[in-house]
Amino acid sequence: MQYRRMPIEIESPEQLGYGNIRYNLTESSVADMRLEQLGIDLDVRRLLLSYTDHVGNPALRERIAAEGDGLTIADVLVTPSAAAALFIVATALLKEGDHLVVMRPNYATNLETPRAIGCQLQPLDLRFEEGWQLSLPRLRELVQPQTRLISLTNPHNPSGAVFSQADLEAAVALAEERGCYLLVDETYREMNYGSLPPLAAALSPRCISISSLSKSYGLPGIRMGWIITRDAALQQLFLAAKEQIFICNSVVDEEIALRVLESKARILPPILARNRQALEVMQAWMARQTDMEWVPPGGGVVCFPRIKAESGVDVERFYRLLNEEYGTYVGPGHWFEMERRYMRIGYGWPPLEELAQGLENISAALKAAGGQGGG
Ligand SMILES: Cc1ncc(COP(=O)(O)O)c(C=O)c1O
């Protein structure tokens, strides 16, 4: 493995120091939660801090399996986060020289871990002009007879695009036809503004679904995620990888995760309602911008607008002013291997007033860097 730190992690707000950022529009999750906010009363002193079932707490796996038609607890492996799940899948399935097709832009790890392994990585570049949608014709061209894995993220990070059921089913059919695996990173699946996207692992044993509690529930500090696949032999391989890295999960994290999912019907709706409010703030602001353009998101709590090429904005000056003069941070395009005029705005994490002011600061910095500025 050839490890290298990724810009998105080096420049992340927790690494810069939350105290140094006044308007934080970099986050990709809802606001971080406390157990008391979630109405969960848990006395950790009573938990026996033993090793646990290597596959994961059965009651928790049952809750996770219930989300997909025809899934059972045998299909679910609980992992310490989606990041760990992605690492397990990549290192279990791929070796140096293997060919895979990975959507780009993407959550950086989805590209970086296969690179660290030394894989032949073929990016599937999503385009602003195509609404950040999955292009089936291009995907078909890129998949080779020797392709081992197709890797998608739905809902998409950084754009918030949600792929149609038909496109996802076509990708599944392609993986089946070509005999490769289809990984779908579904970390944002529960946050969407239309209908719930299908859980890919329920569609075919060729599919591997990854998710976690970090983004939709605001719980990145308990590292709880999972891998779902109906391919039992593959799940055993993932278990072998998990055992070598972690043996089992944290008892405390699993207990919290179980309590949260038991109360999902109570916990999730207010979070989703709050996301809609934040999206309205975002939409109202975008409608007033002359220097920026976007594709409105269909899910998640991020979007990926760009500074118009003809705006006259000096992009480097814009970021400098935004960070240094306005104390405002967004996720610049280079975090996602894109031009820096693209930026990820996380609208679901900050309080609404912080979001609104952060957006106004973007308008002001655009104007000061040579643009027209928003109204
Ligand atoms: C698409 C995607 N997958 C996985 C992760 C990792 O999430 P976790 O906190 O569960 O490791 C992230 C975090 O940003 C993400 O955006």
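I note that the model is predicted, with local features needing pLDDT of at least 70 and side-chain atom pairs counting only at pLDDT 80 or more, while totals for chains, interfaces and linings use all residues. Residues are numbered from 1 along each chain as its sequence is written.

Next I checked the domain assignment (bounds from an automatic or database assignment), which gives domain 1 as 7–33 + 268–368 and domain 2 as 44–262. I find 27 residues of domain 1 in contact with 27 residues of domain 2, contact meaning C-beta atoms, placed from the backbone, within 7 Å. On the domain 1 side, helix 11 (264–287) and strand 10 (302–303) each give two or more residues, and helix 11 gives the most, with 4 residues; helices (H or I, at least four residues) and strands (E, at least two) are DSSP runs, numbered from the N terminus.

Last, I traced an open sheet of 3 strands in the order 10-14-13, with antiparallel pairing, where strands pair if DSSP finds at least two bridges between them. Strand 10 and strand 13 (331–332) are at the edges with a single partner strand each, so one side of each has no neighbour in the sheet.

Methods:
Two residues are in contact if their C-beta atoms, placed from the backbone, lie within 7 Å.
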